[in-house]
Amino acid sequence: MKKSSFPLIRNRKAMVGALIVAFILAVAIAAPLLTSYDPSARVGRPHQAPSWEHWLGTTRIGQDVFARLLYGARTSLAVGFGAGLLITAVGTALGIIAGYRGGKVDEVISFFTNMVLVVPNLPLLLVLAAFIGQASPWVIALILGCTSWAWGARVTRAETLSVKQKDYVKSAEMMGEPRWRIMTFEIFPNLISIVGINFIGSVIFAIITQATLEFLGLGDPKVVSWGTMLYGAQKASALSVGAWWDILTPCFALAFLGIGLSLLNFAVDEIANPRLRTGNRLGRWSALIRSGEGRL
Amino acid sequence: MTAPLLSVRNLTIDYIGEADDFRAVDNVSFDVAPGEVFGLAGESGCGKSTIAFAISRLHKPPALIRKESAILLDGRNVLDLDQKGLADFRWREVAMVFQSAMNSLNPVLRIEQQFYDVLKTHKGMSRAAARDRTAEMLKLVDIAPDRMRDYPHQFSGGMRQRIVIAICLALDPRLIVMDEPTTALDVVVQREILQRINELRRKLGFAVLFITHDLGLMVQFCDRIGIMLGGKLVEQGTADAIYRTPEHDYTKKLWASFPSLHGGVLR
Amino acid sequence: MAFLLRRLCFYLAAFVAAATINFFLPRLMPGDPVQIMFSSAGAELPPESLQALKLTFGFVDGPLWQQYLTYLGSIFSGDLGRSIKYFPLPVTTVLGNALIWTVGLMGTATLVSFALGTFLGILAAWRRGSLFDVIVSVGAIFATSVPAVVTSLIVVFTFGFTLGWFPTGYAADPALDPAFSLEYLGSVAYHGILPMLTLCAVLTGGFAVTMRNNMINLLGEDYIVMARAKGLSDTRVMLWYAARNALLPTVSSLAIAIGTVLGGSLVTEVVFNYPGLGNILYQAILARDYPVIQGQLLIMTATMLIANFIVDVSYVLLDPRLKRA
């Protein structure tokens, strides 16, 4: 069997992860084709169990859970990727600047970064969201972007410090290339794998945190997202009244998406850092040992 | 001619990849007599460290020692030893000094603990007896015995290398393999250490397999030398012969690349 | 020692930063900050009490810096104001009682997860490429990619509602009076099992992967090879040479993990109706009880900083290279 030379395809975890994420994306985009119900409208009796009419039952207010699942995917994905992008952009920029410029600039940025790192994330977000009131998903994405970049910045800075020493950077400096050009075109391209891992991690974080904030009631309940589905179900005491479909649907959706993204992330990490690979690449070696061709 | 202490016969070591293999050591054979200093010279990647690791069987997959190879210590094939035999053999018969002394010592254990674990494992010594032996060994390498409760980072590079040598001698091995033991140290310290090793060798009678890329150093320090190129042993002989009458092209090239001390023209 | 002192100063600065955020938030929102802060007070609050509250939070007449200093002064003298929802209880009392439950739950869960996760990580690294390694690594992915919210809900659904093995809420049987009796403590333990299980599920994976990766990163080091060359047993090399060194960066990561624990336990408490800080905060948000909301940011930040400091001290004790510094 000819193995593809593209590393992402060769890695099974990456394949599975990518498939999962692609599937969810496709389903989200195709939402209107897959269901005729309006996710916010009351279309059935309250807390109906799954049936032919309503594949995943209805919520307390009679909304179709399946429709909410599909349309909710759009919001959760959009905020997740949007906030993830913002977090990564801020973190990467600050990390590269701090790592490359060094000196006072580095000290200030690092101090600031460490400070943000050490203030607990969720409590801070809660206070912010509480003051803002009912935060629309975009506001949530924005505040996530503004508060959660610190870890990425730290990691990026560390990588920048080692890339800074490389020859092509030194030669660009000597040729008089302006600093911003060096950072953008010499340093950044070599941090791609770190930035990639950072990005996927940030997306996972954003999706989880958005769902958590909405679950706690800080989101806009009129918006349809997996987090608000959790909030609605919890308020309706879905578990106590036995309406498991109401609460478990968004649960499994979030878990499924999280697992897909994490597999992708793990795979990118393994490609960037081959030492961390799991699984056996020693097929040929083991065969030779077994046949007595050699030993250790 | 006395029976050799170490006899490497047809040693072939491959690194097994997913599609093809890399032959690191190609049918290498040489002997080391008891108490002798045998040097293996060659540039990086020629396979000399691979041989060093193989003697104590320290390789991990995907390294593979081919079946026709034999490494005989006092007649016993090291490659045939079982787990227990191997654990016994290691350090007792063959000890090893690695290149970066900065890293050979466990940073979180005290020096005395790094002696104790070897003495306890192989000789079942009590802590008190181990402490005595440790003091004895440290004195041999000119390190104050009352420093045995210090940590490795509290010593200089040269001192750390000497401590490693002391640990090597703790069980009175027959052979010490030294893989570029002084390359990371400055020239003066280098000379001191090598002189020390020579004295100890004369006193205690162990043989040395000395691995380096520095041919000039080797010629002064070794009794016999082997030259390695691309995994093959291309020339073998006494230090004198290698120095005065090199036969193989590569050996000649190695000598030619040395700048002359008297300012002669580089050929 | 200098290292620890520097860390202490840093933590102090971070605490002041959190207080600063608290100070500016109501003032940055559109509208009258006083109105916003005490909007939930309504008519029940007597005017003198409202005045006292305003003073605590720095809403005094004068320039901004004076207001700021007044606020800092209140905080550092232990006055976090009074809760509006539970008036006239001081915020410190409201949060203090809850803090005990949260620290108990969080602390135990963190310790158990750290021990278990580290142990699994060591074995996974040592048996790299084996089925055990794959199970641990992939299992960890699953555990850490699922939000704590989801894990808590699934746990409470499965073990609490469906199987009925464990209670689904509260810290102890509400019929019992709190006491140091075996009955009460037993009830506490019984009620604590599901939240603990949830938190451990959330945390263990992360520690396992961190330890595994740290171990693998140093398995090529010379001192590991020398340890093997010394003929030491596999176990000894794994524990005393590899794990003992890999523990250092893992302990560092513990500091970061505490932030995650705080977030995770917050949600878990809400799902299990556990009377910890998370639940109090949740109720406060519903009631827009801003003094409590702001107070909890400070308490949680302080908890995080103290926990971080404990980790710093542990790191110094574990790494001989730092002991003498």
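1. In chain A, residues A:I96, A:I97, A:Y100 and A:R101 of helix α4(A) meet A:R179, A:I182, A:M183 and A:I187 of helix α10(A), where contact means heavy atoms within 4.5 Å and helices are DSSP runs (H or I, at least four residues), numbered from the N terminus. By class, this contact has six nonpolar, no polar and two charged residues; Ala, Val, Leu, Ile, Met, Phe, Trp, Tyr, Cys and Pro count as nonpolar, Asp, Glu, Lys and Arg as charged, and the others, Gly among them, as polar.

2. The model is a predicted one, in which local features need pLDDT of at least 70 and side-chain atom pairs count only at pLDDT 80 or more, while totals for chains, interfaces and linings use all residues. Residues are numbered from 1 along each chain as its sequence is written, chains are lettered from A and ligands numbered from 1 in the order in which they are written, and side-chain values use heavy atoms, with hydrogens and water left out.

3. The axes of α4(A) and α10(A), the latter spanning residues 179–187, come within 11 Å and cross at roughly 115°; axes are lines fitted to C-alpha atoms, for helices over the stretch in contact, and angles run from 0 to 180 degrees between N-to-C directions. Because of that angle, α4(A) is roughly perpendicular to α10(A), the term covering 65 to 115 degrees.

4. Helix α4 (residues 65–101) also packs on helix α8 (residues 150–163) of chain A, with axes that come within 7 Å and cross at roughly 40°. This makes α4(A) oblique to α8(A), oblique being what remains once angles under 35 degrees (roughly parallel), over 145 (roughly antiparallel) and 65 to 115 (roughly perpendicular) are set aside. The contact involves A:G91, A:T92, A:L94, A:G95, A:I96, A:A98, A:G99 and A:Y100 of α4(A), together with A:G152, A:A153, A:T156, A:R157, A:T160 and A:L161 of α8(A), and its residues divide into six nonpolar, seven polar and one charged.

5. Between chains, 27 residues of chain B are in contact with 21 residues of chain C. The two chains bury about 2300 Å², 61% of it on carbon and sulfur atoms, buried area being the accessible area (1.4 Å probe) that two parts lose on being put together, summed over both.

6. One salt bridge is found across the interface of chain B and chain C, a salt bridge being a side-chain nitrogen of Lys or Arg within 4 Å of a carboxyl oxygen of Asp or Glu. The side chains of B:D117 and C:K230 meet in a salt bridge, at 3.2 Å from N to O.

Conventions:
Helices (H or I, at least four residues) and strands (E, at least two) are DSSP runs, numbered from the N terminus.
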